[in-house]
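Time to open the model and jot down what I look up.

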Amino acid sequence: MTEEAVCVVICKSKRGQAQSIAEEICQQAAEHGFTADISCLSKHDKYNLDSESRPVVFVVSTTGDGDPPDTALKFVRKIKNKSLPHDHLSHLRYALLGLGDTNYANFCNGGKTIDSYLQKLGAKHFYATGHADDGTGLEVVVDPWIEGLWDALKKAFSTMSTSDQQTLSDCTQDSNHQNASDQKKNLEVDLQLLKLSEVDSPKGKTVTSDSIATEIGSTSSVASLKESVPPLSESVLNVPALPPSYLEILLVGTENVEETVLPDKDGYFEVPISKAVQLTQDDAVKTAILLELDISQQQEQVYQPGDAFDILCPNRDSEVEELLLKLDLQMQKNCTVQVNLLKNTSKKAAKVPLHIPQNGSLQFILTWCLEIRSTPKKAFLRALVDFTQNASEKRRLLELCSKQGSADYNSFVRDSSVCVLDLLRAFPSCCPPLSLLFEHLPKLQPRAYSAASSSLQHPGKVHLVFNVVEFPARPEHPARKGLCTGWLVDHVSSILEPHGTALASERPGTSALPKVHVRARPSSTFHLPSDPCVPVVMVGPGTGVAPFIGFLQQREKEREANQEATFGEMWLFFGCRHKDKDFLFREELEKFVHNGTLSHLIVCFSRDEPDAAETVNRPTYVQHNLILHAKNLAKILLEDKGCLYVCGDAKNMAKDVNDTLLEIIGNELQLDKLDAMKIVAGLREDKRYLQDIWS
């Protein structure tokens, strides 16, 4: 067919997933006879939907709050403008792929929001909308959605070429009907893949399924990261096309190394950690740590309770050293790295990643710039194949990135949180070039922690609380700590105070204190109500209580300064495993109750044995206590127009609390679930049901 043009408009997420998927669409477009232009929704000078005549593909991510990412907010405000006529975008033909995570409320809401407003302005689908779930693996929906895109585009162009004035309604209905059917079949669409027999080894030898089968034999009856079992081990594989290389890496001595400045330096400040206290007993299941950061010299670091702080953390030294050893680059770790684009790369819109600095040392870049703990995508596995010498290892990597091996990929790579270093341990004959890692490893992201203090109570200071994350050993990788929490607990080991230490004591001097690079991350909504008379319900088990300590410190100071004023009730639902081991901030919370700042402290302890004298079942989790106080909760939210705040684990707790809220509203108002969901949606829309959750 003749080459046509498709405009791919992307909306970049902070993790870069939308960018990566849009680049994949762009790359595949050429293989299907199209050219593609990539834009970001924030780059308004690069596209104009008001006059766009070409089909448009949107790839839209969603933040944890269910909102479109920051880069899309201006665009969303534009299409939400009520003064626009209903046919403002009637000329526009588009497809939309939404990215989300079902561990969070408002799944794919960023994409759904944009989709809805485009429809209201008269825009028409030429292809059914896709919703990809990071909770189960984006590729489960993304891969077949992209594969089906090309036929839909061909139909769209065919219809457009018949008459410029003719709408694509027939094409849209056919495409939507066809793709709705596909979605009912779990989007089981064949991918445009290379046969295994078409894959070449680095030395130019054709690697066929037959040749591999003669060189290896399955010796295991149980599948693992390293080995497969029938039928996969005996299958002919369809594997993704080899992603094109696009970077050239030069290591050029140590004279011009520049590594004094950390990446993402804008907005970050190096501040001392003035105090570190263990909040839990030594025998608690999880270790919780409180850090006090001295931000008194950084006037820009203003915050409110409910805001968070980003912390820049490095990859672990031991893992960087092992990675250098696996790549046979330990002798070059202090060399200057120069990164350039390959002159003849076939990658569309290729560019040098902005998070990789020029003239930094190799060790610095691997330590501070690349997320070496990230889970490799299938495209990365496919690229590793060509740098693997052992035939059985090559076969297994091909299986893991193949369509037939999706279950094994999910089980042994994605769900096991395998990283590139784990793969190099499992497949020792694999030795990829440095350029491959620079092309496929994402940017090392800062980690965000909620402020657990009020600047009214602790001027010039901010408190952060975290659990030290522990990943137990498993066949795919050794035991390890969370990247940032593990680094922080090691970083403050020289000043870490044991459980029970008073926070009020001061440590003299700051010159020898450990330091971190931090940046305030203001929340747009997760703050106390502007009207202090509004009642507040807070649900924060475990370290989810952190922002509410800030809320209560703030309210305590406001009450002291305005003793004649009226303040709304404050309820806190807290939970932990053991009352005597991990009841965080127990003394401070009891003080808030005693002085009237906290109206009701409702607690539960999930692992404590009930007393023999107890005749009723003790509440186990926070949602059980919500049920026990259902009438109070319903009155606060529905009659008194109060606010509900939830902080903590998204995967279990936040879902359970949301389900409990639906149950309470349904029971109290005698509504079915659908009507209760509408009430809850209204609370969210009014910013009276707010979440600060993580997975």
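My entries on one helix, the cysteines and some salt bridges follow.

I'm working from a predicted model, where local features need pLDDT of at least 70, side-chain atom pairs count only at pLDDT 80 or more, and totals for chains, interfaces and linings use all residues. Residues are numbered from 1 along each chain as its sequence is written, and side-chain values use heavy atoms, with hydrogens and water left out.

**Helix α10.** I checked burial here (buried is under 20% relative accessible area, exposed over 50%, partly exposed in between; 1.4 Å probe, protein chains only). Helices (H or I, at least four residues) and strands (E, at least two) are DSSP runs, numbered from the N terminus. C401 is one of them, at 2% relative accessibility.

**Cysteines.** I looked for disulfides, meaning cysteine sulfur pairs within 2.5 Å, and got zero. C335 is buried too, at 13%.

**Salt bridges.** I searched for a Lys or Arg side-chain nitrogen within 4 Å of an Asp or Glu carboxyl oxygen. The whole structure gave me 27.

- E371 and R447 pair at 2.8 Å, N to O. E371 sits in the loop between α8 and α9, R447 in strand β15, 76 residues apart. E371 is buried at 9%; R447 is partly exposed at 23%.
- D422 and R480 pair at 2.9 Å, N to O. D422 is in helix α12 and R480 in strand β18, so the pair ties together parts 58 residues apart in sequence. D422 is buried at 1%, and R480 is buried at 11%.
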